[in-house]
Amino acid sequence: MRILVTGVAGFIGSTTAELLVARGDDVIGLDNLSTGDISNVPRGVTLVKADIGDAVTIRTLGPFDACIHFAGLIASGESMEVPELYFENNVGQTMTLLNTLLSSGLNHFVFSSSAAVYGDVTSSPILEASPMSPTSPYGASKAMVEDYVAWLVRQGKFRAANLRYFNAAGATRAHPERHAVETHLIPLALDAAAAGTPMSLFGTDYPTPDGTCIRDYVHVLDLARAHVAAVDTLANRESLTVNLGTGVGYSNREVLRAVESVTGHDLEVRELGRRPGDPATLVASVAAAKEILGWTPQHSSLEEIVRSAWESRQ
Ligand SMILES: NC(=O)c1ccc[n+]([C@@H]2O[C@H](COP(=O)([O-])OP(=O)(O)OC[C@H]3O[C@@H](n4cnc5c(N)ncnc54)[C@H](O)[C@@H]3O)[C@@H](O)[C@H]2O)c1
């Protein structure tokens, strides 16, 4: 298949593009390198350096069988400060991308959505049927794209998959997790372990067994496998929306203990107050991904996630 992968210089896009190249797909990568790193782009991918909102450039790339759309700004905290940037980049530019690809006959679209579309849910595990009720412009930008895509599918324009990731983590040696501004717990804890600097722990009075937030971590390689499965599933299905997680949650303290055990370094943990907008527990229901995509995580034990992330930095 001829596949456009946007955000190919980022963490999850680069890992997925590598799997697609390995199975023989013709992969064109689109990235403006605003937060991505060119060294992430796998061998065998043709990189086009442009915005996803650059209709003129995208029109010259010709028709694609599928587009997997990873490109976007990803920090929900930052999105509270500059919502206009998030809506322009993640929604406005995505609409231009979609409209341009549709005019050259796109068949299948796979979208990087997020657990952030659910907002502050109290039920656990979270089912896909839970209402979208985002609590940040970042989460809202994902929900808005899902809504737009749903209308296009309903009108028979193309087939589409929304993949709602929980916490992407772990790494392969070729593609360490290296976000421009790091906000994720595991890479921050690994940084602190390596440098011997203090680690901030936000909120120790949540209604969870050890008082810290609980999250569902899924290995980036498992996410990449799910995207390949989604592209293939759309051959037989008009649309799908699934959570990608493991169905198992770990508390922040459990994650920090795993980091200490894997790295052999004790962390100096600074306990701080809660951050606004952090729900106590976010754990995915994963039955739909199994049933619809035939996908189950294979690399997502907490030990393998932390170890692979640590080893990718050595
Ligand atoms: N990392 C997670 O835990 C997580 C969880 C849920 C959803 N997601 C979603 O998955 C996708 C990929 O996440 P990631 O962790 O790989 O992020 P990343 O920051 O590593 O990669 C994003 C890539 O998109 C590119 N980009 C951003 N805006 C662009 C634009 N307008 N035009 C062209 N390129 C642009 C950046 O340069 C970067 O290479 C994002 O859409 C994110 O919202 C990530």
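Before I turn to the model, a word on strand pairing: two strands pair if DSSP finds at least two bridges between them, and the strands themselves are DSSP runs (E, at least two residues), while helices are runs of H or I of at least four residues, both numbered from the N terminus.

What we have here is a predicted model, in which local features need pLDDT of at least 70 and side-chain atom pairs count only at pLDDT 80 or more, whereas totals for chains, interfaces and linings use all residues. Residues are numbered from 1 along each chain as its sequence is written, and side-chain values use heavy atoms, with hydrogens and water left out.

The protein chain contains 10 helices and 14 strands. Its radius of gyration, taken over C-alpha atoms, is 19 Å, close to the 20 Å that the globule rule (2.2 Å times the number of residues to the power 0.38) gives for 314 residues, so the chain is as compact as a globular protein of that length.

Let me now go to strand β4, residues 66–69, which is joined to β1 (residues 2–6) by four bridges, the two running parallel, with Cys67 of β4 as the bridge partner of Leu4. β4 also pairs with β5, residues 108–114, in the parallel sense over four bridges, and there Phe111 is the bridge partner of His69.

In a regular strand the side chains alternate between the two faces of the sheet. In β4, Ala66 and Ile68 point one way and Cys67 and His69 the other, and all are buried, meaning under 20% relative accessible area with a 1.4 Å probe, protein chains only. Over the protein chain, 53% of the 314 residues count as buried.

How values were computed:
Buried means under 20% relative accessible area, exposed over 50%, partly exposed in between (1.4 Å probe, protein chains only).
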